[in-house]
Amino acid sequence: MAFGFPNDSWIPFPESRRRKGAPVLSLNGMGAGQHPLVVSSIASTLAAGGNAVDASIAGAWTAAVVMPAACGVGGDLFAIVSEPGRPVNTVLSSGIAPRGASLEFMREHGDDGGRLMPQQGPLSPSVPGFPAGVWELHRLYGSRPMAELASAAIGHARDGFPVGHALARSARDIEPLLAKTPTTAAIFLPDGVPPTVGQVLRQPNLAQTIDRIAKGGEALFYDGPLAAEITTALQSLGGALTADDFSGHQATVTPPISTTYRDFTILETGFPTPGMVLLEALNIVEHDDLARSGVSSASSIHLEVEALKLAFSDRLGYVGDPAFIEPRVDMLISKEWAKRRRQEIDPERAAEQVAAQPLTDGDTTYLCVIDRHGMMVSMIISISAGFGSGVVAGDTGILLNNRAGHCFSLEDGHPNQYAPGKKTVHTLNCYMVADDSGTPIMVGGTPGGDSQPQWNLQTLTGLIDDGLDVQAATEVPRWSIFPATYPIDLGNPYSLFIESQVGDDVIRDLKARGHNVVEQQPWAQSGSVQLIARDPETGVLCGGSDPRAEGMAIGI
């Protein structure tokens, strides 16, 4: 049985607990994503002869239109790409904070009496990385014209698309933010109220902007008229980003960071993503036999929770912009470091506080694609919190991120402390799995802020230790711990949120170990795990898509 494929002789848990039942199988290409129209763009591009990168770019452009609460042109992009015969690369594109706004300025204009960065509004964006990200991917791997890849997104923006439950709910929940900026309210509060399910939402200004970028390249965005239009609009609202901050932005192309887990290699995105959190946590839990106890047992959940506490504390303590500090990621994802950290976990008791050890010599959508030739893409894009900053920049139609506001710390001495011109650590990360010969065999990821490495850990241990197929792995009873890394959450006691279908016995056991358990309804955790596995011998693809979201996996 190929990795991630279903085994007819064994069902990992009763089908009554599975929502989608079986994974999707295909031979000629497959895409998985969080929104049907995103996956439609991926599949259409593959069917037209585009490769996996072409399809992922088309899916990203469409997501930027139909998932405005989660991602957009005003957000960031990170991806891992494997093309047979070439080294695996990551493309990392996120931007800097304003060069002209000091730490003192941000404290003066911050939230909670200056303890926190401005969480939303015109001072919360960093320079968007999305346009540079898609164009860098296209330069390295693209085979179809960018204008063709953006055409579906332009049509959805110009002609409109029907609002689904997720977008309607997000707009309703965040209505006060959307109402603050007239250009934002004009789009997302039509007739003065949030759009309802089935209502057609049109964004004609965004359609024109995407068309301009697709035809004119990212220079139009960073060094041309769009940078001036965006920053002029921001400054009129009190923002600090300038056209000079946009100028010269480029995506970074670098090898992935990685570790081994059992007989597999897990490839992750490096700085500014928290890919090291997942890798460090995997290294820690590798010391125990999760297959014997089962990954949804109380003992395994306890171990993974405690490992993540340690990995998050190390991310908070030691990871920041390499232009300002030395992150020491290689040390944090080493086997030696994990062995040292594993010794701190009490198998019977939850830690109430976790500190970073001294070293010895941080809303989103995810999509993935594999084409018939074996090219693989794992991609995550985001504007940070729901609807980002809440600011649509003038007549551009671009909704800007709030990544700087959401993730920078204002604490003195913190490695991710705000500084002019600095890049913040993200919560975004995505991964790829290779077999023991080094051949990439799976791509996967999920949105979810600080829950991303947590759910990715649960997914990978389910696949590797429990032998789940890709669909079953998306449907494992889910949990998450808070706080993790967001500055607004830090200082609160740990809470473990867990879906009730894990079972009463497991919940009682976790409480007995000292976890502050918050029991949730079945399927109540968010996120949208997407997975595609490939059998390297036959080329057959196997896709799974999280039933907690409205997405899907489609093969051609």
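Where is the place of Phe387? Phe387 sits in the loop between β11 (376–382) and α19 (403–407). The views below come from a predicted model, in which local features need pLDDT of at least 70, side-chain atom pairs count only at pLDDT 80 or more, and totals for chains, interfaces and linings use all residues. Residues are numbered from 1 along each chain as its sequence is written, and side-chain values use heavy atoms, with hydrogens and water left out.

**View 1. Phe387, a non-glycine residue with positive phi.** Its phi is about 60°. Phe387 counts as buried because its relative accessibility is 1%. Buried means under 20% relative accessible area, exposed means over 50%, and partly exposed lies in between (1.4 Å probe, protein chains only). Helices (H or I, at least four residues) and strands (E, at least two) are DSSP runs, numbered from the N terminus.

**View 2. Asp191, also not a glycine, has a positive phi of about 60°.** Asp191 is placed in the loop between α9 (182–188) and β6 (200–201). Asp191 is exposed, because its relative accessible area is 78%.

**View 3. Trp61, Val73, Val134, Leu137, Phe221 and Met379 touch the most other members of the largest nonpolar core.** This core holds 77 residues. Helix α2 (residues 52–66) gives the most to it, with 11 residues. Apart from it lies another core, of 63 residues, including Leu279, Ala281, Leu310 and Leu510. A nonpolar core is a set of buried Ala, Val, Leu, Ile, Met, Phe, Trp, Tyr and Cys residues joined through side-chain atoms within 4.5 Å.

**View 4. Val73 and its contacts.** Contact means heavy atoms within 4.5 Å. Neighbours within four places in sequence are left aside. Val73 is then in contact with Trp61, Ala64, Pro128, Phe130, Pro131, Leu206, Ile210, Ile213, Phe221 and Ile398.

**View 5. The largest cavity, with about 70 Å³ of space.** Val73 is part of its lining. Also lining this cavity are Ala64, Pro68, Cys71, Gly72, Gly74, Phe188, Gln203, Leu206, Gly397, Ile398 and Leu399. By class, the lining has 8 nonpolar, 4 polar and no charged residues. Ala, Val, Leu, Ile, Met, Phe, Trp, Tyr, Cys and Pro count as nonpolar, Asp, Glu, Lys and Arg as charged, and the others, Gly among them, as polar. On a 1 Å grid over the protein atoms alone, a cavity is a set of points where a 1.4 Å probe fits but cannot get out, and lining residues have an atom within 4 Å of a point. Grid points are joined across faces, edges and corners, and the volume is the space filled by probe spheres set on the points.

**View 6. Ser126, in the loop between α3 (103–108) and α4 (130–141).** Ser126 counts as buried because its relative accessibility is 2%. Beyond neighbours within four places in sequence, Ser126 is in contact with Asp76, Gly95, Ile96, Ala97, Leu241, Asn401, Arg403 and Ala404. Ser126 and Ser26 are 100 residues apart in sequence and 40 Å apart in space, C-alpha to C-alpha.

**View 7. Thr231, in helix α12 (residues 225–236).** Thr231 counts as buried, because its relative accessibility is 3%. Leaving aside neighbours within four places in sequence, Thr231 is in contact with Leu241, Thr242, Ala243 and Phe246.

**View 8. Arg342, in helix α18.** Arg342 counts as buried because its relative accessibility is 17%. Not counting residues up to four places away in sequence, Arg342 touches Ile284, His287, Asp288 and Leu303.

**View 9. Cis peptide bonds at Pro272 and Pro483.** From Phe271 to Pro272 the bond is cis, with omega near 15°. Pro272 lies in the loop between β9 (264–268) and α14 (275–285). Between Phe482 and Pro483 the bond is cis, with omega about 5°. Pro483 is found in the loop between β14 (479–482) and β15 (495–499).

**View 10. Glu352, in the loop between α18 (335–342) and β10 (364–371).** Glu352 is exposed, because its relative accessible area is 68%. Glu352 and Ala185 are 43 Å apart in space, C-alpha to C-alpha, and 167 residues apart in sequence.

**View 11. Confidence in the model.** The mean pLDDT of the protein is 93, and 97% of its residues reach 70 or more. Over residues 357–362 the pLDDT is below 50. This stretch has 27 contacts in the model beyond near neighbours in sequence. pLDDT is the predictor's confidence in each residue, from 0 to 100. Where pLDDT is low, the predicted coordinates should not be read in detail.

Note on methods
1 Å grid on protein atoms, 1.4 Å probe; cavity = no way out; pocket = protein on both sides within 12 Å on 5 of 7 lines; lining within 4 Å.
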